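The sequence and structure come below.

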Amino acid sequence: MSTDTDTDTDSDTGSHCSTPDSDGEVAEDIAIVAFERKMDTAENIVDGIGDRYESIDVLEYHGDVFAEYWGEYDCFVGLMASGIAMRKTAPLLDDKWDDPAVVVVDEELTWAIPLTGGHHGANQVADDLASMGAVPAMTTASEAAGKQGVEERAKGLDAHVVNGDSTVATNLAVLDEELGPVARLDGPKAVLVGDDVTVLKRNEEDGVVLGTGSVSGATKAQFLDAWESVLDDTDYDLDDVEFVATGTRKEEEEGLLAAADELGLGVVSFEREVLEDHEGPTPSKSKELIGWPGISEASAIAGGRENELLVEKERYDDAVTVAVGR
């Protein structure tokens, strides 16, 4: 019935079905596969999380249902025992960057278990099911350790991974806290990289960057209000924001990180030397006091695709400064 991937395996490098996949496509279509007796639960899931996806269908289980619809959906939610889903999908698996994600959930919505494609849809679906009471059982190493893998960083930056095999090495570096921030390189340039360098490419050709500074302890609400307000007089809105940019001295601000997380935005932090090369026009006391250029304008310029300042810095609630770059 229709109502409309892990260390070197899926368990460790394999995100919301709105995560860009390796080809830059946006994965938004999921299918719930359920036995006839579990259709009420399937419909409850549709009602509970359906508005988070482009489409969500319910398929009645039969022995070849996964094979029949393989490749038509970005994520399968198996409302069934994990063993059934594993046996039926294992022969279909080919490439974690192309295979649909698979997550299973029990009829009581107690557990949501990503089986394959953890970083490619299953983890985020499991997180979404948590809003209905299910406990997401993450086994991908970075999530289990509470760290942000490179696929999640790509999602936050509205980018996609070009060379998927590299993520084994770079996600291990994430676990060891050795990766550091995503480096930014604007072309035209020729770049020679090794197999342990993950290359991210932006999905959109147009968008803006929110350069952000703040006083210590600024709240999530203050950041959200400032970001929304600064865009009011532009032709852009929050959906057009590629990421939030700041300086490394502000990269641990809890309010900033919480606000960015709520909006699904990545945070890119620039070293002082980078910001000095992209200093904005508005004088800043921080340069006199601590030797840093004004963070909001400099990070907006450094982060923008054209290194252009669209909106000079504005201060909100005496707590947050924001500039817009592109």
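How many bridges join strand S10 to S11, and do they run parallel or antiparallel? Five bridges link S10 (residues 241-247) to S11, and the two strands run parallel.

## Basis

The model is predicted: local features need pLDDT of at least 70, side-chain atom pairs count only at pLDDT 80 or more, and totals for chains, interfaces and linings use all residues. Residues are numbered from 1 along each chain as its sequence is written, and side-chain values use heavy atoms, leaving out hydrogens and water.

Helices (H or I, at least four residues) and strands (E, at least two) are DSSP runs, numbered from the N terminus.

## The sheet

Five strands form an open sheet in the order S11-S10-S9-S13-S12, with mixed pairing; strands pair if DSSP finds at least two bridges between them. S11 (266-270) and S12 (309-316) are at the edges with a single partner strand each, so one side of each has no neighbour in the sheet. Gly247 has Phe270 in S11 as its bridge partner.

## Helix H5

Seven of the nine residues of H5 (residues 122-130) are buried, so the helix is largely enclosed by the rest of the structure. Buried means under 20% relative accessible area (1.4 Å probe, protein chains only). Among the buried residues are Asn123, Gln124 and Asp128.

## Asp57

Asp57 lies in strand S2 (residues 55-60). Asp57 is buried without a salt bridge, and the nearest side chain of opposite charge, Arg52, is 16 Å away. A salt bridge requires a side-chain nitrogen of Lys or Arg within 4 Å of a carboxyl oxygen of Asp or Glu; Lys and Arg count as positive, Asp and Glu as negative, while His and the chain ends are not counted.

Technical notes. Buried < 20%, exposed > 50% of the residue type's maximum accessible area, 1.4 Å probe, protein only.
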